[in-house]
Amino acid sequence: LRALAVASRQRLPALPDVPTFAEAGVKDMYASAWYGIVAPAGTPSDVVQRLNKEVNAVVADSEMKKRMEGMGALVPEGQTPEAFGAFIRSEIDRYADIVKMSGAKME
């Protein structure tokens with residue numbers, strides 16, 4: 001098998017010679033799995049900030065980065081709760097548009 005492209009916005013460290021779909025000429029084609037930790041609405045800000053600090057420390061750990069890269073993952077940069085919330089909203093909007101364009105209906 002020969003990989004034609006990866007669906008991420010950037011090339012994968014595990015497949016450095018495989019272009020992204022955008023590099024291969026398929027504009028705006030990207031998809032990725034992502035993970036995050038969320039808390040219930042109304043969680044005190046100091047708790048959210050502490051959780052964010054601890055998660056960012058784990059993500060920044062060199063051993064964790066090595067393990068993630070070994071699984072073919074793009075290693076994320078730590079971010080703020082506000083930035084992650086904005087990312088989640090953008091993903092909801094993007095996939096809502098895709099579902100609308102597909103004509104899929106709930107059954």
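This is a predicted model: local features need pLDDT of at least 70, side-chain atom pairs count only at pLDDT 80 or more; totals for chains, interfaces and linings use all residues.
Local features were taken at pLDDT of at least 70 and side-chain atom pairs at pLDDT 80 or more, while totals for chains, interfaces and linings use all residues. Residues are numbered from 1 along each chain as its sequence is written, and side-chain values rest on heavy atoms, with hydrogens and water left out.

The structure holds 3 salt bridges, each defined by a side-chain nitrogen of Lys or Arg within 4 Å of a carboxyl oxygen of Asp or Glu. In one of them, Arg11 pairs with Glu23, with the closest N and O atoms 2.8 Å apart; this pair links distant parts of the chain, 12 residues apart, both in the segment before H1. Arg11 is partly exposed at 36% relative accessible area, and Glu23 is likewise partly exposed at 48% (buried means under 20%, exposed over 50%, partly exposed in between, with a 1.4 Å probe and protein chains only).

Arg50 and Glu54 are 4 residues apart and so separated by about one helical turn; Arg50 is exposed, at 54%, whereas Glu54 is partly exposed, at 36%.

In helix H3, Glu91 and Arg94 lie 3 residues apart, about one turn of the helix, and form a salt bridge whose closest N and O atoms are 3.5 Å apart. Glu91 is buried, at 9% relative accessibility, and Arg94 is also buried, at 16%. Helix H3 also contains Tyr95, which is partly exposed, with a relative accessible area of 32%.

Note on methods. Helices (H or I, at least four residues) and strands (E, at least two) are DSSP runs, numbered from the N terminus.
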